[in-house]
Amino acid sequence: MENELLRYERLAEDLGGIIVAGNLRPGERLPSVRRLSRERRLSVSTVLQALHQLEDRGLVEARPQSGYFVRHAAAPRAQPNARSTPEAPVPVDVSQRLMRVLQTGMQPGVVPLGAALPACTLLPLAALQRLYGGVLRRHPRLLEGGSHINMDEPALVRQLVLCSVGWAGPLAASEFVITNSCTEALGLCLRAVTRPGDTVAVESPAYHLMLQLLEILGLKALEIPTDPRTGLSIEALDLATRESRVAACLLVPNASNPLGSIMPDEHKRRLAKLTAERGVAVIEDDIYGDLHFSSERPWPLKAFDKAGNVMLCSSFSKCLSPALRIGFVAAGRYRAQVALHKTITSGGTNPVTQQVLAEYLESGAYARHMRGLRRTYERQVDAMRASVARHFPAATRITEPQGGFVLWVELPEGVDTTALYDRAIAAGVAYVPGELFSASGMYRNCLRLNCGNPHTPEVEDAVRRLGGLMAG
């Protein structure tokens, strides 16, 4: 056994030395496991041990049914800087353009770098399918209830309370409302605390779906400068809420979409205190909180809320399956208003799926799945970042996300990503133009890329084609 140990370590050192010396390029395929086993006269398990050691060192990555590849090194590119934003709130008008972008980006033959969706191969779909069958056998009466009254399954609420222990909680079960998605949760919260014509402070760039919600509800957006490293500027929010009435603040403090920033705890503490004192309700989208790249989960803004003023919204669409259509909100002192709007607009959330999710969480499978998924998303973001650095113009700036699976790219002035979009689709590549992340039409030289798919040669080639378009 000792001899086998030495042999797998020697193989790992040999391969690692080649990679570190630069003799294999990022993305290049290593010899197959069987070939290494035959040529080095090692067992398959010994070769796999060596490759797993290289994975742990961050030198190689496994791709399903493809083999092992040299991991892409982080690209040495500067990050974008926070930009000045308009001082006055503006009406929002992005929905029609956004819908067109998302629809064309899903066409057959187009590499899906637009919509922020995970590859189905990364999701535990088989385990969820088995649970659906078991839940229906054990709980047949879940199909009998009416759908109008919003009745949350106690089992799922209990599991969310347990999850909240890791969010610096635990939160009270009485705060939770189960929704049909994180999007519905955000919309319910906005309805609970605003009226048409009100002003809502948002990050800039802001998640485009949030801008859509403001548009549909007749609300104005006040864009607040946001740093790709530390998130929304507390100083700018302080000034904005001092000089004009802001009804609510809508933001993504953990792994912000599209920047990938995580707001430092001290900033979260200051923001929670400031908004509570000013009477500004806070709606927090924490959908990427579990997809952090650090060793510990970042606390949500909700953890620093002493007044019940923060409504924490999330779902499992980015890590288990978008088709589950299960979200939730821990609504604090606004819980009654949120629950009322939920009952009126959509009634109850599917009780079968609630029970399936509860059992999946209770089994411990979610925690195990997330450990691997976070690592996979981080590798895919790194690979996309390196690919953009190779193929885009030299002056391009690229974010260094701290979580999630999207990448924000700032191109040289003069590049118009909206004007180039149709040409990109014709070339078989989708992305989301930067202006759709701004109510005032900023960021026309920016774009967002989805990193939710494995970085295959097809994706690499798509980035190359896209870079050619951006270079003119």
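**Legends to the close-up views**

**View 1. The second largest pocket has a lining of 13 nonpolar, six polar and five charged residues.** Here Ala, Val, Leu, Ile, Met, Phe, Trp, Tyr, Cys and Pro count as nonpolar, Asp, Glu, Lys and Arg as charged, and the others, Gly among them, as polar. The model is predicted: local features need pLDDT of at least 70 and side-chain atom pairs pLDDT 80 or more, while totals for chains, interfaces and linings use all residues. Residues are numbered from 1 along each chain as its sequence is written, and side-chain values use heavy atoms, leaving out hydrogens and water. Of the 24 lining residues, Cys163, Trp167, Asp290, Arg297 and Tyr366 lie nearest the centre of this pocket. A pocket is an open set of points on a 1 Å grid over the protein atoms alone, where a 1.4 Å probe fits, with protein on both sides within 12 Å along at least five of seven lines; lining residues have an atom within 4 Å of a point. The space amounts to about 410 Å³, a volume being that filled by probe spheres set on the points, which are joined across faces, edges and corners. At least two lining residues come from each of α6 (154-163), β10 (310-315) and α13; α13 gives the most, five. Helices (H or I, at least four residues) and strands (E, at least two) are DSSP runs numbered from the N terminus.

**View 2. The largest pocket holds about 490 Å³ of space.** Its lining consists of 24 residues, and Leu117, Thr183, Tyr207, Leu209 and Lys318 are those nearest its centre. Helices α4 (95-104), α7 (182-193) and α8 (208-216) give two or more residues each to this lining. By class, 13 of the lining residues are nonpolar, seven polar and four charged.

**View 3. An open antiparallel sheet of four strands has the order β12-β13-β15-β14.** Strands β12 (397-398) and β14 (432-433) are its edges, each pairing on one side only; two strands pair if DSSP finds at least two bridges between them. Strand β14 is joined by two bridges to β15 (residues 446-450), and Val432 stands opposite Arg448 in β15. Helix α13 (residues 365-391) packs on the sheet, touching β12, β13 (406-410) and β15, and its direction makes about 20° with that of β13. Contact means heavy atoms within 4.5 Å; angles run from 0 to 180 degrees between N-to-C directions of lines fitted to C-alpha atoms, for helices over the stretch in contact.

**View 4. Arg379 and Glu61 form a salt bridge, 3.7 Å from N to O.** Arg379 belongs to helix α13 and Glu61 to strand β1 (residues 60-63), so the pair links distant parts of the chain, 318 residues apart. The model has 26 salt bridges, each a side-chain nitrogen of Lys or Arg within 4 Å of a carboxyl oxygen of Asp or Glu.
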